[in-house]
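Subject: Structure handover

Hi,

Here is the structure I promised to pass on. My notes follow below it.

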Amino acid sequence: MGPTGQRPPGGRVLLGSALVGLASLIMFSDPDVLNGAWLLDDQGTVYRNPCLVEPDAPWSCIWQRDFWGRTDLSSPLSHKSWRPLTTLTFKLQWVDEETRFPYHVTNVLLHSLTSAMCVPASLLVFNELLPSIYCGLVFAFHPIHAEAVSNITGRAEVLCTLLYLLGFVIYGRAVLAARSGGRQGLGHYISLVGVMGCTFLSMLAKEHGITMPAVCLVWEVSRFTLFERSKGSLNSQTLLRIVVLVACSSVMATWRMSLNGDSAPDISCDQNPGSCHESILVRALTFSWLWCLSVWLLVWPRALTADWSGEAVPLVEGLLDPRVIWIL
């Protein structure tokens, strides 16, 4: 992050975003993708989800049951995955089990919009257009995103990310406008409301969306305190933004957790052996390795799979496992 310079004109940013979105659209507009079959979790989340396929299923079913549509979210038998905004998009497109094309087209369009949104989001970090366009292209073409786009259930990730980036861009532009001497009037606070709205919708697409306010605050504090050392970097307005975002996101997280009821997620040990192992050491090492593996796949996505559950990633069963070197 270099010092703040003159931001590129809005027209150039819009053009760069459009080019990235178009490139992404061309990349995934393949007949094999658009006419692809149902895959893996699509069975539970779409074409055998009672909230979607049963003609008499009320719309409230989406809000009362978990992502799979068979169990009330508060039930001890529930997986506790709850993504009603994603399920709502599935329900709006449901025709029958043979109609998959609209689902795939929507995933491709959402990924295209998300890739385009990477340009203004990256611009908040690099403050230069070309590196931001490059980041958008890397995001658009990265092989690790093939599953989220081609697998209909992956819409949860794509939709969550789109709303996540939108909220981050709204926040970043509001902060830059305020710090450049602009008045922090009604428009500034409307922007904060927009950020929290995007957070809420992103969370309804997939639970990870609740972390977006934290990313916004880390960006502001690191950019203006650690890198640019701006005068008054932690002024009263910054502190007010911190309080608003922390308070609102805490309320959202508390509300979301309350919907789970008094029971923990019903996790399948066959699908998640690392969560069920009796040894705390094995669980800690395995989950630490999963973080390392995720970072490595971003750098070198050579070995990918559509299903990482079960034995796809062997447990790290002791300190003599060679993977411990990477964890340390």
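**Loop residues with positive phi**

Asn 127 is buried, at a relative accessible area of 9%. Buried means under 20% relative accessible area, exposed means over 50%, and partly exposed is in between (1.4 Å probe, protein chains only). Before going on, note that this is a predicted model: local features need pLDDT of at least 70, side-chain atom pairs count only at pLDDT 80 or more, and totals for chains, interfaces and linings use all residues. Residues are numbered from 1 along each chain as its sequence is written, and side-chain values use heavy atoms, with hydrogens and water left out.

Asn 127 sits in the loop between helix H7 (101-126) and helix H8 (129-141). Helices here are DSSP runs (H or I, at least four residues), numbered from the N terminus. The phi of Asn 127 is positive, about 65°, although the residue is not a glycine.

Leu 40 is another non-glycine residue with a positive phi, about 45°. Its loop runs between helix H2 (31-34) and helix H3 (42-47). Leu 40 is partly exposed, with a relative accessible area of 47%.

**Helix crossing**

Helix H6 (residues 84-93) meets helix H11 (residues 186-205): their axes come within 5 Å and cross at roughly 65°. Axes are lines fitted to C-alpha atoms, for helices over the stretch in contact, and angles run from 0 to 180 degrees between N-to-C directions. That makes H6 roughly perpendicular to H11. The class covers 65 to 115 degrees; under 35 counts as roughly parallel, over 145 as roughly antiparallel, and the rest as oblique.

Which residues make the contact? From H6 they are Pro 84, Leu 85 and Thr 86; from H11 they are Leu 201, Leu 204 and Ala 205. Contact means heavy atoms within 4.5 Å.

Thr 86 of H6 is buried, at 0% relative accessibility. Leaving aside neighbours within four places in sequence, Thr 86 is in contact with Phe 67, Arg 155, Ala 156, Leu 159, Leu 204 and Ala 205.

Cys 51 belongs to helix H4 (residues 50-53). Buried or exposed? Cys 51 is buried, with a relative accessible area of 2%. Beyond four places in sequence, Cys 51 contacts Ala 57, Cys 61, Ile 62, Arg 65, Gly 69 and Lys 91. From Cys 51 to Thr 87 is 36 residues in sequence and 8.7 Å in space, C-alpha to C-alpha.

Phe 141 lies in helix H8. At 36% relative accessibility, Phe 141 is partly exposed. Not counting residues up to four places away in sequence, Phe 141 touches Ala 23, Ser 24 and Met 27. Phe 141 and Val 20 are 121 residues apart in sequence, yet 9.8 Å apart in space, C-alpha to C-alpha.

**Salt bridges**

How many salt bridges does the structure hold? There are five. A salt bridge is a side-chain nitrogen of Lys or Arg within 4 Å of a carboxyl oxygen of Asp or Glu.

Glu 157 and Lys 206 pair at 2.5 Å, N to O. Glu 157 is in helix H10 (residues 155-179) and Lys 206 is in the loop between H11 and helix H12 (212-227), so the pair ties together parts that are 49 residues apart in sequence. Glu 157 is partly exposed at 31% relative accessibility, whereas Lys 206 is buried at 13%.

Glu 220 and Arg 241 also pair at 2.5 Å, N to O. Glu 220 lies in helix H12 and Arg 241 in helix H13 (residues 236-258), so this bridge ties together parts that are 21 residues apart in sequence. Both Glu 220 and Arg 241 are buried.

Arg 323 bridges to Asp 321, with the closest N and O atoms 2.9 Å apart. Arg 323 is buried at 15% relative accessible area, and Asp 321 is buried at 18%. Arg 83, Glu 207 and Arg 256 are linked in a network of salt bridges.

**Surface patch**

Val 295, Trp 296, Leu 298, Val 299 and Trp 300 form a nonpolar patch on the surface, with about 570 Å² of accessible area together. Patch residues have over 30% relative accessible area and no salt bridge; like charges are joined within 9 Å, nonpolar side chains (Val, Leu, Ile, Met, Phe, Trp, Tyr) within 5 Å. Areas come from the Shrake-Rupley method with a 1.4 Å probe, and for residues only the protein chains shown count as cover. Val 299 is in helix H15 (residues 280-299) and is exposed, at 58% relative accessible area.

Best wishes

Definitions and conventions. Helix = DSSP H or I, 4+ residues; strand = E, 2+ residues; numbered from the N terminus.
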